[in-house]
Structure formats: structure tokens, C-alpha cells
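Biologist: I would like to learn how to read a surface feature in a model. Please start with the general idea, then the case.

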Amino acid sequence: MKYKILIIDDEEMILSMMEKCLGEQFFVYTAENARKVDFVI
């Protein structure tokens, strides 16, 4: 069972790297700022 993880960061490169590194173990959701989190969840 994969757990969901939400990563919020304003750097696109960081979000991409984290998604690539954690994507096999977790369902990774990303957002560039807290305002966009509502749309992701």
C-alpha cells in the first residue's frame, strides 16, 4: 500500500526531484505554494 505525500515548495526543480526520488514509494502530490494546495488535494 502506497501512502500519499504532499510536498510544497516554490522551486520547481525541488518538486521535480522529490517526486522522482519518492514516487516509487509514495503517491506524491506537489504544489508551488499553499494557495494551490486546495486544488491538489
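Biologist: Which residues form a nonpolar patch on the surface?

Modeller: Nonpolar side chains (Val, Leu, Ile, Met, Phe, Trp, Tyr) are joined within 5 Å, like charges within 9 Å. Here Leu6, Ile8, Phe27 and Tyr29 make up such a patch, with about 340 Å² of accessible area together. Accessible areas come from the Shrake-Rupley method with a 1.4 Å probe, and for residues only the protein chains shown count as cover.

This is a predicted model, in which local features need pLDDT of at least 70 and side-chain atom pairs pLDDT 80 or more, while totals for chains, interfaces and linings use all residues. Residues are numbered from 1 along each chain as its sequence is written, and side-chain values use heavy atoms, without hydrogens and water.

Biologist: Which strands supply the patch?

Modeller: Strands (E, at least two residues) and helices (H or I, at least four) are DSSP runs, numbered from the N terminus. Strand S1 (3-8) and strand S2 (26-31) each supply at least two residues of the patch. Leu6 lies in S1. Along the sequence the chain follows the pattern β-α-β-α.

Biologist: Is Leu6 buried, exposed or partly exposed?

Modeller: Buried means under 20% relative accessible area, exposed over 50%, and partly exposed in between (1.4 Å probe, protein chains only). Leu6 has 35%, so Leu6 is partly exposed. Ile14, in helix H1 (residues 12-22), is partly exposed because its value is 31%.

Definitions and conventions:
Patches are made of residues with over 30% relative accessible area and no salt bridge: like charges are joined within 9 Å, nonpolar side chains (Val, Leu, Ile, Met, Phe, Trp, Tyr) within 5 Å. A salt bridge is a side-chain nitrogen of Lys or Arg within 4 Å of a carboxyl oxygen of Asp or Glu.
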